[in-house]
Amino acid sequence: MPHYEFFCKACKKTFEKILTMAEHDAEKTACPHCGSHEVEQCWSAFSAVTSKKSA
Ligand SMILES: [Zn+2]
């Protein structure tokens with residue numbers, strides 16, 4: 001199962017989530033830390049985003 005990395009713009013934390021195609025398409029991902037939907041997906045090319053704020 002593919003997993004995706006997300007970055008929460010509300011609490012500045014990253015998290016990973018396994019998404020089905022349906023869930024991914026719905027884009028209803030919520031941050032598990034604060035529950036915000038202000039999250040953006042970090043594609044594999046940007047998976048180095050951990051603590052550094054490079055972008
Ligand atoms: Zn959050």
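Start by selecting Glu40 and Lys9: the two form a salt bridge, with their closest N and O atoms 3.9 Å apart. Now colour by secondary structure. Glu40 sits in strand β3 (residues 39-42) and Lys9 in the loop between β1 and β2 (14-18), so this pair ties together parts that are 31 residues apart in sequence. Keep in mind that you're looking at a predicted model.

Glu40 counts as partly exposed because its relative accessibility is 38%. Lys9 is partly exposed too, with a relative accessible area of 39%.

Next, go inside. Select Tyr4, Phe6, Cys8, Phe15, Leu19, Cys31 and Val39, and you have the largest nonpolar core, 7 residues in total. Strand β1 (residues 3-8) gives the largest share of this core, with 3 residues. As background, nonpolar side chains in soluble globular proteins tend to be buried together.

Now centre on Phe6 and show its surroundings, skipping neighbours within four places in sequence. What is Phe6 in contact with? The list runs Lys13, Thr14, Phe15, Lys17, Leu19, Thr29, Val39, Glu40, Gln41 and Cys42. Glu40, from the salt bridge where we began, is one of these contacts.

Last stop: the cysteines. Cys8 counts as buried because its relative accessibility is 0%, and Cys42 is buried as well, at 10%. How many disulfides does a search of the whole structure find? It comes back with 0.

Notes. Residues are numbered from 1 along each chain as its sequence is written. This is a predicted model: local features need pLDDT of at least 70, side-chain atom pairs count only at pLDDT 80 or more; totals for chains, interfaces and linings use all residues. Side-chain values use heavy atoms; hydrogens and water are left out. A nonpolar core is a set of buried Ala, Val, Leu, Ile, Met, Phe, Trp, Tyr and Cys residues joined through side-chain atoms within 4.5 Å. Buried means under 20% relative accessible area, exposed over 50%, partly exposed in between (1.4 Å probe, protein chains only). Helices (H or I, at least four residues) and strands (E, at least two) are DSSP runs, numbered from the N terminus. Contact means heavy atoms within 4.5 Å. A disulfide is a pair of cysteine sulfur atoms within 2.5 Å. A salt bridge is a side-chain nitrogen of Lys or Arg within 4 Å of a carboxyl oxygen of Asp or Glu.
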